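Trainee: I have a model on screen and would like to learn how to read it. Could we go through the features one by one?

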Amino acid sequence: MSTVANRFAVFLRFAVAATMALVCLAAGALAEGAPVATDGRVVGDDNRTRFVLDLSGEVDLSAFTLAEPYRVVIDLPEIDFRLPSGTGSTGRGLVSDWRYGQFAAGRSRIVLDVTGPVKIDKAFVLPAVEDQPARMVLDLLKTTAAAFEEDLRKNQLARDSANEAPVQKADQLPPPDRSKREKPLIVIDAGHGGVDSGTISASGILEKDIVLAFAKKLQERLEQTGKVAVLLTRTDDTFLPLGARVQFGRDHAADLFLSIHADSEHEGSVRGATVYTLSDKASDREAAALAAKENASDLIAGLDLQQDADGVTDILVDLTRRETRNFSAAFANGLVGDLASATRMIKNPRRSAGFQVLRAHDVPSVLVEIGYLSNDQDEKLLTSDEWRSRVADAVTQAVLRFFGQKYAYLGK
């Protein structure tokens, strides 16, 4: 197995274990009176396994299976998850581990990673009885690969419907005319969210919360200049598929797309910020491994992974893509210098790889890993409001200079 594949396999094991500890910190965003989940457990053996979730009330549910890798997805109405720390990090029988969180507005999701092909035998909710809470129950049976594939084929329509994660209503509006806009528009994409927590530090800090806090600080600093407009792809703890993030930028005809993340590294010794652009061939093995990790966000949330066809079908699209990548590179180069004046950078901080979230052919796009949650020193900085303000100011400076240079280049 290649080094990149090894790193990706390590990431998957880390991500699956890490996201088990997911806690809805944004409780204020939950619907008032949302059912509360207080405990979850797995019982059984390698032939028959039962998953049980204790709830404060009865709920409707739907469940389906996914392949590559084998998973079982349970969709629920919005749930206030108050599970003990570490819940889901281990499994039993046919379930190796599981994770949970918000999937879309008003919807929650549980994803069970299973050891092989399984069949959903039963899925139901038991009402509360005396001192026992209501319980959601899912029974799994071991099955053959052929039988599993047949179930997938039969249930394709139901899976497609369940996996629709709607974005904000404004995202459906026709794209604005850039030529009539008074200010350039920046779209800031806080990575991960909802059922996909991203990296979790040793102390339990979630990447999805860190990057959202930074995105909001950066929005504040940019808007204070009065020279640009800003939109966030997500403003709360909600999951967004990678394709929806890209489409958000395109639908709003963004002039610049910034995707914000906080990295992790197995040994914990690496620290500092990194700036990435899109490329068909990764600049190095570490960049390739990171792209594979970030591109697995949809998999973590229980979506089918689909290859994004990036083939050139039109000469104008090809020319636009080339110009967009040039603008992306120009902004990234300047951003590295500004960030270096405000925070520590890793060795060779300007890198590139095949990040799905950067694939809009007509929107200059850059991914910024603002630090390493796997490093204790970086974690302290990432959770510091003073540090966030300082780094947001550096990014703002880079943004303003970029648009000055871009408009001069375009003759505006």
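Mentor: Start with an open sheet of 5 strands, ordered β5-β1-β2-β9-β8, with mixed pairing. β5 (80-81) and β8 are the edge strands, each with a single partner, so one side of each has no neighbour in the sheet. Strands pair if DSSP finds at least two bridges between them. Helices (H or I, at least four residues) and strands (E, at least two) are DSSP runs, numbered from the N terminus.

Trainee: What should I know about the model itself?

Mentor: It is a predicted model: local features need pLDDT of at least 70, side-chain atom pairs count only at pLDDT 80 or more, and totals for chains, interfaces and linings use all residues. Residues are numbered from 1 along each chain as its sequence is written, and side-chain values use heavy atoms, with hydrogens and water left out.

Trainee: How many bridges join β8 to strand β9?

Mentor: 8 bridges join them, and the two strands run antiparallel. β9 covers residues 134-142. Take Val125: its bridge partner in β9 is Met136.

Trainee: How do I read the sides of a helix?

Mentor: An α-helix has 3.6 residues a turn, so residues three or four places apart point the same way. Now look at α2 (residues 145-154). Its buried residues are Phe148, Asp151 and Leu152. Seen down the axis of α2, they fall within an arc of 100°, so they line one face of the helix. The arc is that of the directions from the helix axis to the C-beta atoms. Buried means under 20% relative accessible area, exposed over 50%, partly exposed in between (1.4 Å probe, protein chains only).

Trainee: Which exposed residues does the face of α2 turned away from its buried side carry?

Mentor: That face carries Ala146, Arg153 and Lys154. The buried residues of α2 pack against β3 (62-66), β8 (118-126) and α3 (156-162).

Trainee: How many residues of helix α5 are buried?

Mentor: 7 of the 10 residues in α5 (242-251) are buried, so read the helix as mostly covered. Among them are Leu242, Val246 and Phe248. What covers them includes β10 (185-190), β12 (256-263) and α6 (285-295). Just after α5, Ala253 has a positive phi of about 50°.

Trainee: How do I read a pair of aromatic rings?

Mentor: A pair is described by the distance of the centres and the angle of the planes. Rings of Phe, Tyr and Trp (its six-membered ring) pair if their centres lie within 6.5 Å; planes under 30 degrees apart count as stacked, over 60 as edge-to-face and the rest as tilted. By this rule there are 10 aromatic pairs. Phe103 and Phe239 have ring centres 5.5 Å apart and planes at 15°, so the pair is stacked. The pair links distant parts of the chain, 136 residues apart: Phe103 lies in strand β6 (residues 95-104), Phe239 in the loop between β11 and α5.

Trainee: Is Phe103 buried or exposed?

Mentor: Phe103 is buried, at a relative accessible area of 0%. Phe239 counts as buried too, at 1%. Compare another pair: Phe331 and Phe402 are edge-to-face, 5.4 Å centre to centre, with 70° between the planes. Phe331 sits in helix α8 (residues 315-340) and Phe402 in helix α10 (residues 385-410).

Trainee: What sits over the ring of Phe103?

Mentor: The charged end of Arg109, 3.8 Å from the ring centre. The rule asks for NZ of Lys or CZ of Arg within 6 Å of the ring centre and within 35 degrees of the ring normal.

Note on methods:
Contact = heavy atoms within 4.5 Å.
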